[in-house]
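Subject: Structure for you to look through

Dear colleague,

I am handing over the structure that we spoke about, and I would be glad if you read the notes below with it open beside you. Please take your time and check each point against the picture.

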Amino acid sequence: MARLIVDTREPAQVHEALANFSVPYERATLDVADFHIYRDDRLLFTVERKTWNDLEASCVDGRARDQLLRAASNARSQNAQHVVLLEHASVLTDAQLRSCVYGKDNRGLRARSTVDRLVLQHGVGVLRTANVMETARTLQWILEKSIKERWAPEGGQHTCGAYYGGSVQSKKSANDDNPQAVWTRMLQTVRGVSETAAKAIAETYPNAKSIVDAANATDDPKRLLDAIASVQTSKKRKLGKSAAGRVIVALCGPT
């Protein structure tokens with residue numbers, strides 16, 4: 001039997017949304033995260049709800065990253081998966097991404113960078129929901145899957161879900177001798193980077209450090225953007241500046 005536990009400090013709108021979908025739940029004061037999902041007595045998921053404005057505000061002083069990493073570490077210690085439900089009705093435009101690459105400061109871009117790093121480097125699952133109603137529906141969906149399909153994080157499994165959609169699963173033990181496969185999977189969590197594109201990037205930049213080192217070695221961010229954008233992903237296509245910008249933001253953050 002799966003159970004949803006909701007923190008007593010969650011606002012009324014969350015309870016109203018859960019009631020709208022007839023989601024059964026219990027209330028308790030939780031030390032970590034906003035929701036816990038159990039099957040029988042085993043903790044499967046710790047879930048944190050954040051609005052985009054909350055994330056932007058907490059990114060200014062670094063609280064967001066530290067808080068989410070502590071929650072993820074706590075979940076792993078109990079063989080559970082930490083998931084962030086990020087309420088955000090839109091994604092960044094290409095113009096905003098270009099502004100980030102060219103060095104203009106923006107709280108929204110800092111928030112985006114924080115999320116990408118959590119997904120790529122630390123395996124925190126992030127799902128984007130449009131509003132609190134969709135957050136409630138997503139909780140219901142996870143709960144149902146935990147019952148019907150007996151979902152559970154498995155030992156040795158590392159799952160990353162990006163809020164722009166998609167997921168990557170990699171069995172850690174199988175990747176000990178194949179770091180290149182891990183790197184290409186990481187790249188695929190960036191929106192706009194397909195498996196083919198990820199492999200093409202990896203041929204020029206064999207690991208994350210190579211891109212970070214290239215960023216640190218140049219005084220002109222546009223040069224790195226142009227270099228990654230020119231990576232040939234097929235006979236007739238290149239990666240392009242939009243996807244290249246997202247890769248740089250994910251690994252290096254706003255410059």
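This is a predicted model: local features need pLDDT of at least 70, side-chain atom pairs count only at pLDDT 80 or more; totals for chains, interfaces and linings use all residues.

Residues are numbered from 1 along each chain as its sequence is written, and side-chain values use heavy atoms, with hydrogens and water left out.

Salt bridges

The structure holds eight salt bridges, a salt bridge being a side-chain nitrogen of Lys or Arg within 4 Å of a carboxyl oxygen of Asp or Glu. In one of them, the side chains of Glu26 and Arg3 meet at 3.4 Å, N to O. Because Glu26 lies in strand β2 (residues 26-28) and Arg3 in strand β1 (residues 2-7), this pair ties together parts that are 23 residues apart in sequence. Helices (H or I, at least four residues) and strands (E, at least two) are DSSP runs, numbered from the N terminus. Glu26 counts as partly exposed at 37% relative accessibility, and so does Arg3 at 25%; here buried means under 20% relative accessible area, exposed over 50%, and partly exposed in between, with a 1.4 Å probe and protein chains only.

A second example joins the side chains of Glu10 and Arg49 at 3.8 Å, N to O. This pair links distant parts of the chain, with Glu10 in the loop between β1 and α1 (12-20) and Arg49 in strand β4 (residues 42-51), 39 residues apart. Glu10 counts as buried at 11% relative accessibility, and Arg49 is buried too, with a relative accessible area of 15%.

The side chains of Asp226 and Lys241 also meet in a salt bridge, at 3.5 Å, N to O. Asp226 lies in helix α10 (residues 221-229) and Lys241 in helix α11, so the pair ties together parts that are 15 residues apart in sequence. Asp226 is partly exposed at 27% relative accessibility, and Lys241 is partly exposed at 40%. Salt bridges that share partners join Glu10, Arg49 and Glu87 into one network.

In helix α7 (residues 179-188), the residues Ala181, Trp183, Thr184 and Leu187 are buried. They cover an arc of only 160 degrees around the axis, which means that they sit on the same side of α7; the arc is that of the directions from the helix axis to the C-beta atoms. The buried residues of α7 pack against α8 (195-204), α9 and α11 (241-252), where contact means heavy atoms within 4.5 Å.

Ser210 lies in helix α9 (residues 208-217) and counts as buried at 19% relative accessibility. A polar atom of the side chain of Ser210 lies 2.5 Å from the backbone oxygen of Asn207.

The lining of β5 and α5

Finally, please look at the residues Lys50, Leu55, Leu68, Val84, Leu86, Val115, Leu118, Val124 and Val126, which line the largest cavity. On a 1 Å grid over the protein atoms alone, a cavity is a set of points where a 1.4 Å probe fits but cannot get out, and lining residues have an atom within 4 Å of a point. To this lining, β5 (81-87) and α5 (107-122) each supply at least two residues.

With best wishes

Notes. A polar contact is a pair of N or O atoms within 3.5 Å; within protein, one must be able to donate a hydrogen and the other to accept it, and residues adjacent in sequence count only if both atoms are side-chain atoms. On a 1 Å grid over the protein atoms alone, a cavity is a set of points where a 1.4 Å probe fits but cannot get out, and a pocket is an open set with protein on both sides within 12 Å along at least five of seven lines; lining residues have an atom within 4 Å of a point.
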